[in-house]
Amino acid sequence: MTWLKIKDAFTADPGVELTIKGWVRTKRDSKADGGLSFIAVNDGTCFDPIQVVARHDLPNYEEIAKLNTGCSVEVDGVLVESQGKGQSVEIQATAVRVIGWVQDPDTYPASNKRHSFEYLREVAHLRTRTNTFGAVARVRHTLSQSIHRFLDDQDFYWVHTPIITGSDCEGAGEMFRVSTLDFMNIPKTDDGQVDFSQDFFGKESHLTVSGQLNVETYCSSLSRVYTFGPTFRAENSNTSRHLAEFWMVEPEIAFADLEDDVELASGMLRACASDLLETRMDDLEFFNLRIEKGIIDRLKMIVESPVKTITYTEAIKIIEGCNEKFEYQVKWGSDMQSEHERYLCEKHFKQPVAVINYPKDIKAFYMRLNDEGTDGAPGRTVAAVDILVPGVGELVGGSQREERLDVLDARITEMGLDIDDYWWYRDLRKYGTVPHAGFGLGFERLVQFCTGMQNIRDVIPFPRAPRQAEF
RNA sequence: UCCUCCGUAGCUCAAUUGGUAGAGCGAGCGGCUGUUAACCGCUAGGUCACUGGUUCGAGUCCAGUCGGAGGAGCCA
């Protein structure tokens with residue numbers, strides 16, 4: 001008797017004897033032929049549960065009749081073509097062993113009924129037993145594998161940048177403090193400040209908001225590198241597309257410009273969509289039917305024409321010239337509002353859009369300063385890119401980096417930052433500087449984009465957000 | 001953090017002008033059926049988020065607190 005994963009049982013030859021192990025999704029009983037039970041069993045290896053037919057002549061049939069949603073079982077049996085509709089094959093059970101009962105079926109949180117996503121967030125330890133969260137988990141895994149494979153195929157090295165950082169110059173938002181100081185007895189310096197020299201690292205330290213600055217150092221010797229790991233933002237954000245802890249993919253390429261950067265992001269999206277369509281159709285069909293109609297067509301569109309590139313200056317003209325009513329006006333020099341970004345990718349282009357060359361005053365210090373008059377812009381721009389996608393908004397933020405030390409220093413000073421904090425980052429420009437570019441892709445936003453899931457808290461196993469750190 | 005809406009049974013929601021709580025699903029028991037969002041009958045299940053106020057009387061009105069959702073800002 002071979003133990004098969006349920007996904008493999010579905011494709012095994014009828015007549016084969018097998019064992020499967022999993023959790024009961026539903027059970028239906030019939031009095032026909034002296035009594036039999038139809039038990040749908042799922043082990044997470046594929047979307048569909050397999051139907052087990054248990055007859056009354058099994059020695060423990062009385063016990064089997066008491067099974068309900070959530071119980072764990074081991075089933076021996078023979079794979080046969082199904083007599084009923086709704087499935088091609090099923091298992092005629094020769095033995096059903098109950099491994100774990102559901103102790104209180106009346107209050108079992110993942111019972112066989114529709115639940116709201118808000119409720120399931122409160123029982124995140126059990127929500128992967130539902131169709132939706134099982135499918136999200138598999139898609140998330142596949143996307144993660146796709147990214148690693150795509151980058152490995154293109155000779156990128158995965159660099160494990162630190163989670164804890166002593167650098168306070170990452171500049172991408174509020175940071176969580178990391179400390180072993182005793183809250184009840186905080187050491188102070190003579191002038192009344194917290195004495196961080198007595199803290200674990202001998203200086204202030206935080207959870208990283210981005211691995212970019214670290215990964216740029218590896219880029220300046222290994223040429224093509226990326227980080228893919230958790231990042232943290234202590235912003236009090238309460239939206240369906242922000243988390244306090246999220247995973248970010250940050251590639252960095254040497255001897256490259258902004259165009260190469262957009263090309264890389266576009267290729268990565270294409271690889272992700274293509275792999276999903278090839279390997280996770282069962283889950284995609286569920287998302288297409290129950291979560292967002294048209295999600296499969298969207299992924300096919302990504303494979304064919306991933307990203308359309310326009311300049312910020314063009315984007316502003318499109319928004320100013322359209323008939324749409326917006327709550328906020330746009331004007332060159334200010335950041336686009338969510339509603340404008342949504343209009344561009346959801347209504348005007350109806351596909352992912354890379355907006356490049358933003359005004360320098362609304363972007364970070366490390367982004368490369370463009371020449372005066374680039375794309376006929378009325379002011380100075382930097383070689384930055386935001387990739388906007390339907391349903392999610394900003395999926396990718398990136399730029400060509402400023403490789404000229406004098407220009408970089410001027411930008412640091414202009415933005416009121418302390419140049420001494422950037423000593424090691426500036427060394428990269430002093431010693432063999434090269435043009436390079438990179439981007440950050442919000443991994444959960446990618447999962448949202450590929451599944452149609454509305455809330456980012458439902459595409460990460462255990463979401464961390466303001467007032468949410470259970471589990 | 002700001003704006004809007006919402007907290008009633010295990011879950012999803014009702015409850016008229018303020019008059020002491022109801023359905024569906026789920027669960028238990030029974031019936032029927034190669035069933036599959038199964039169907040039919042019966043049963044159990046409630047500190048109406050919390051605290052205070054108005055009132056003869058509050059799930060309902062008022063204030064505050066806590067929690068949740070949607071949108072905005074910050075961004076990925």
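Helices (H or I, at least four residues) and strands (E, at least two) are taken here as DSSP runs, numbered from the N terminus. The structure is a predicted model, in which local features need pLDDT of at least 70 and side-chain atom pairs count only at pLDDT 80 or more, while totals for chains, interfaces and linings use all residues. Residues are numbered from 1 along each chain as its sequence is written, chains are lettered from A and ligands numbered from 1 in the order in which they are written, and side-chain values use heavy atoms, with hydrogens and water left out.

We may begin with the chain as a whole. Chain A contains 13 helices and 17 strands, and its C-alpha atoms fill a box of roughly 85 × 60 × 45 Å along the principal axes. Its accessible surface is about 23,100 Å², and carbon and sulfur atoms contribute 49% of that area; accessible areas come from the Shrake-Rupley method with a 1.4 Å probe, and for residues only the protein chains shown count as cover. Of its 471 residues, 51% are buried, where buried means under 20% relative accessible area, exposed means over 50%, and partly exposed lies in between (1.4 Å probe, protein chains only). Contacts, defined as heavy atoms within 4.5 Å, were also counted along the sequence. Among those in chain A with a separation of 6 or more, 66% join residues 24 or more positions apart.

Leaving out residues up to four places away in sequence, Glu250 touches Ser210, Gly211, Gln212, Val215, Val225, Tyr226, Thr227, Phe439 and Gly440. With one of these residues there is a polar contact, meaning a pair of N or O atoms within 3.5 Å; within protein, one must be able to donate a hydrogen and the other to accept it, and residues adjacent in sequence count only if both atoms are side-chain atoms. Here the Glu250 side chain reaches the backbone nitrogen of Gly211 at 2.8 Å. By contrast, Tyr343 is 93 residues from Glu250 along the chain, and their C-alpha atoms are separated by 27 Å.

Strand pairing comes next. Strands of a sheet pair through backbone hydrogen bonds, either parallel or antiparallel, and two strands are said to pair if DSSP finds at least two bridges between them. One open sheet has 3 strands in the order E8-E10-E9, paired antiparallel. Its edge strands are E8 (164-165) and E9 (177-178), each of which pairs on one side only. E8 is joined to strand E10 (residues 205-207) by 2 antiparallel bridges, and Ile164 has Leu207 in E10 as its bridge partner.

Two residues of this sheet can be set side by side. His206 lies in strand E10 and is buried because its relative accessibility is 11%. Beyond its neighbours within four places in sequence, His206 is in contact with Ile163, Ile164, Thr165, Met175, Phe176, Arg177 and Val178. Ile164, in strand E8, is instead partly exposed, at 38% relative accessible area. Together with Ile163, Phe200 and Phe201, Ile164 makes a nonpolar surface patch of about 380 Å². Patches are made of residues with over 30% relative accessible area and no salt bridge, like charges being joined within 9 Å and nonpolar side chains (Val, Leu, Ile, Met, Phe, Trp, Tyr) within 5 Å; a salt bridge is a side-chain nitrogen of Lys or Arg within 4 Å of a carboxyl oxygen of Asp or Glu.

Strand E4 (residues 50-55) runs parallel to E6 and is joined to it by 3 bridges, whereas strand E5 (residues 72-81) pairs with E6 in the antiparallel sense over 10 bridges. Gln92 of E6 takes part in each case: it is the bridge partner of Val53, and Val78 also stands opposite Gln92.

Finally, backbone angles deserve a mention. Most residues other than glycine have a negative phi, and most peptide bonds are trans. Asp33 has a positive phi, near 55 degrees, and is found in the loop between strand E2 (17-30) and strand E3 (36-42). Asn357 also has a positive phi, near 60 degrees, but belongs to strand E14 (residues 353-359). Asp33 is exposed, with a relative accessible area of 56%, while Asn357 is buried at 6%.
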